[in-house]
Amino acid sequence: PLLNKKINYVKDFTPFRELLSNWTIQQGDFTKLQIRNARSFYYVDPPFFRTYTGYSPSAFTWDDQVRLVEWCTSFDDPIVISNSD
C-alpha cells in the first residue's frame, strides 16, 4: 500500500544554493551532453520506456535504452540510470 498519497515537491531550492553550486544539470540527447569533469558522478534520467511517453516528443525506444547503456559504459565515472522498468 502507498504510505504517502501526496508528494510535497520542493519548489524553492534557494536553501541548497551552496550545495548545488558545483553541479551541472543538462537536458537533451545524451550523446550531445557536455561531459566536463573527469571523476564525476552522473545521474541519468531518460524518458520512461513503455509506461509513460509524454516526457519526450518522440518515443524513447528499446534501442534508445541500449544506446544509453552503451554510452554510459564508455565512462569510468560512476553513473546511475533510473527508469520506470
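## Aromatic rings

Rings of Phe, Tyr and Trp (its six-membered ring) are taken to pair if their centres lie within 6.5 Å; planes under 30 degrees apart are stacked, those over 60 are edge-to-face and the rest are tilted. By this rule there are four aromatic pairs. One of them joins Phe13 and Phe16, a tilted pair with 6.2 Å from centre to centre and 55° between the planes. Phe30, Tyr42, Trp71 and Phe75 form one aromatic cluster.

Residues are classed by relative accessible area: buried means under 20%, exposed over 50%, and partly exposed in between (1.4 Å probe, protein chains only). Phe13 is partly exposed, at 48% relative accessibility, and Phe16 is also partly exposed, at 37%.

## Basis of the model

The model is predicted: local features need pLDDT of at least 70 and side-chain atom pairs count only at pLDDT 80 or more, whereas totals for chains, interfaces and linings use all residues. Residues are numbered from 1 along each chain as its sequence is written, and side-chain values use heavy atoms, with hydrogens and water left out.

## Overall fold

The chain contains two helices and two strands, arranged along the sequence in the pattern α-β-α-β. These elements are DSSP runs numbered from the N terminus: helices are H or I with at least four residues, and strands are E with at least two.

Of the 85 residues, 18% count as buried. With contact defined as heavy atoms within 4.5 Å, residues 24 or more positions apart account for 64% of the contacts that have a separation of 6 or more.

Helix H2 spans residues 62–72, and its buried residues are Asp64, Gln65, Leu68, Trp71 and Cys72. They lie on the same side of H2 because they cover an arc of only 130° around the axis, the arc being that of the directions from the helix axis to the C-beta atoms. The buried residues pack against strand E1 (42–44) and strand E2 (79–81). The face turned away from the buried side carries the exposed residues Trp62, Asp63 and Glu70.

## Asp64

Within helix H2, Asp64 is buried, with a relative accessible area of 16%. Its side chain makes a polar contact with the side chain of Arg67 at 3.3 Å. A polar contact is a pair of N or O atoms within 3.5 Å; within protein, one must be able to donate a hydrogen and the other to accept it, and residues adjacent in sequence count only if both atoms are side-chain atoms. Leaving aside neighbours within four places in sequence, Asp64 is in contact with Phe30 and Ala59.
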